[in-house]
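Please open the model in your viewer and keep the selection tool at hand. The stops below tell you what to pick next and what you will find there.

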Amino acid sequence: MHRIGEAEGRHGQGDALRRFLVDRIDPEGQVFTITGREAKHIGRVLRMDRGDRFVLMDREGKRFRAVIESVNRSGIETILEHPLPPPPMPPVEIILCQAALKAGAMDNLVEKTSELGVGTIIPFVSERTVVHPVQHKSSGKVRRWREIADSTAKQADRRMPARIELPCS
């Protein structure tokens, strides 16, 4: 018998279950199809297969223990076995207003502050800011920061990923 936090299936016997993030899980359904980046990561990168178990979490804080039913081109078909309790809410909500930084410095800031429990990051442009919001929107920086926050939420077992707002002035 395995504890809830232990893996079953071919991969990682006895290891902590992997966590995957989706936009929304319908708690009424028993079957869920994972598509997009997470499906590619599960099927092609990790090569997980039928019978492998993991934790499926959404942006609203819901979590389920899931098992893979099938892997195919259209996505990963899973069965939601049972709901899991979410991690506790942080005792305070932290909102970080941060002047936009150059290159990887902002990526690093998003990752580390998300790990520490920051709930919202609001980048802004000040008089002495070298980078500007138009550059961030057109270059996909905000999308990248959101991906970093998503990844950090899975790794750090956060209830929800940090919200990344559009840069303002």
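Begin by selecting Glu-127 in this predicted model: Glu-127 counts as exposed because its relative accessible area is 76%, and exposed means over 50%. Its place in the chain is the loop that lies between strand S7 (120-124) and helix H3 (133-139).

Next, move to the open sheet, in which 5 strands follow the order S1-S3-S4-S5-S2 with mixed pairing. Its edge strands, each of which pairs on one side only, are S1 (19-22) and S2 (31-34). On average, and with direction ignored, neighbouring strands of this sheet are turned by 40° against each other.

Within the sheet, select S3 (residues 53-58) together with S4 (residues 63-72), which run antiparallel and are joined by 5 bridges. To look at one residue pair here, pick Val-55, whose bridge partner in S4 is Arg-65.

Now select helix H4 (residues 141-155), which lies across S1 and S3 and runs at about 140° to S1. H4 has 15 residues and reaches 21 Å from its first C-alpha to its last, close to the 21 Å expected at 1.5 Å a residue.

Finish just after H4, at Asp-157, where the backbone takes a positive phi of about 55°.

Methods: Residues are numbered from 1 along each chain as its sequence is written. This is a predicted model: local features need pLDDT of at least 70, side-chain atom pairs count only at pLDDT 80 or more; totals for chains, interfaces and linings use all residues. Side-chain values use heavy atoms; hydrogens and water are left out. Helices (H or I, at least four residues) and strands (E, at least two) are DSSP runs, numbered from the N terminus. The expected span of a helix is 1.5 Å times one less than its number of residues. Two strands pair if DSSP finds at least two bridges between them. Axes are lines fitted to C-alpha atoms, for helices over the stretch in contact, and angles run from 0 to 180 degrees between N-to-C directions. Contact means heavy atoms within 4.5 Å. Buried means under 20% relative accessible area, exposed over 50%, partly exposed in between (1.4 Å probe, protein chains only).
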